[in-house]
Amino acid sequence: MLIFALESILLGVGLAMDAFSVSVANGLQDPRMRRKRAWIIAGAFAFFQFLMPVIGWFCVHTIAEHFALFRRAVPWIAFVLLGVLGTKMILEGSGDGAPGAEAVRLTAGELLAQGIATSIDALSVGFTIASYRAAEALAASFLIGLTTFVICLAGIRVGKVFGMRLAGRATVFGGIILIAIGCKILFGGGF
């Protein structure tokens, strides 16, 4: 049981790196973010990191042949979502950019897109846990989600600290991070 938990947590750490980077970008974008909002953002990333392996596991056990066609499009979907969000952040940050300018709030739609884009590679984890029984797959996915939550809270904190120091340039830097993650997923074999 301890080995199972450790393996799941380590898998969660690996999967959470993109979500960590985006969390840093979100902290950069809103350095005065309140704790409740940080928990909501980290919770959204954790939810998708939990959900995607479950969906992948389910697909392996039901519609694996149809899922293989979709799998080739996954890097492109993540690339487009993160590219659009990153470009939007760069444009917003390039406008005024004055220190003390109002922080740009992340919308629910943007958070949804970030959550999907950064966790879409976790669908493939469903293949690696295909031999698990349903309860084991849920437990592993839960640990992955919990690990992501903790890592994303740390990422937001890091972003907030640097966001206060970078002032107007923080949003541009956060947008560049999102675009770089999208490129990594597309060209670097993000999963």
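Which residues touch the most other members of the largest nonpolar core? Select Val22, Ile41, Phe45, Leu82, Leu111, Leu178 and Ile181, out of 38 residues in that core. A nonpolar core is a set of buried Ala, Val, Leu, Ile, Met, Phe, Trp, Tyr and Cys residues joined through side-chain atoms within 4.5 Å. Buried means under 20% relative accessible area, exposed over 50%, and partly exposed in between (1.4 Å probe, protein chains only).

This is a predicted model: local features need pLDDT of at least 70, side-chain atom pairs count only at pLDDT 80 or more, and totals for chains, interfaces and linings use all residues. Residues are numbered from 1 along each chain as its sequence is written, and side-chain values use heavy atoms, with hydrogens and water left out.

The most come from α3, with 9 residues. Helices are DSSP runs (H or I, at least four residues), numbered from the N terminus.

**Next: Val22.** Leave out residues up to four places away in sequence, and Val22 touches Phe45, Leu82, Gln114, Thr118, Leu178 and Ile181. Contact means heavy atoms within 4.5 Å.

**Next: Asp18.** Helix α2 (residues 17-29) holds Asp18. Asp18 is buried, at 8% relative accessible area. Beyond its neighbours within four places in sequence, Asp18 contacts Thr118, Asp121, Ile181, Lys184 and Ile185.

Val13 sits in helix α1 (residues 2-15). With a relative accessible area of 32%, Val13 is partly exposed.

Technical notes. Helix = DSSP H or I, 4+ residues; strand = E, 2+ residues; numbered from the N terminus.
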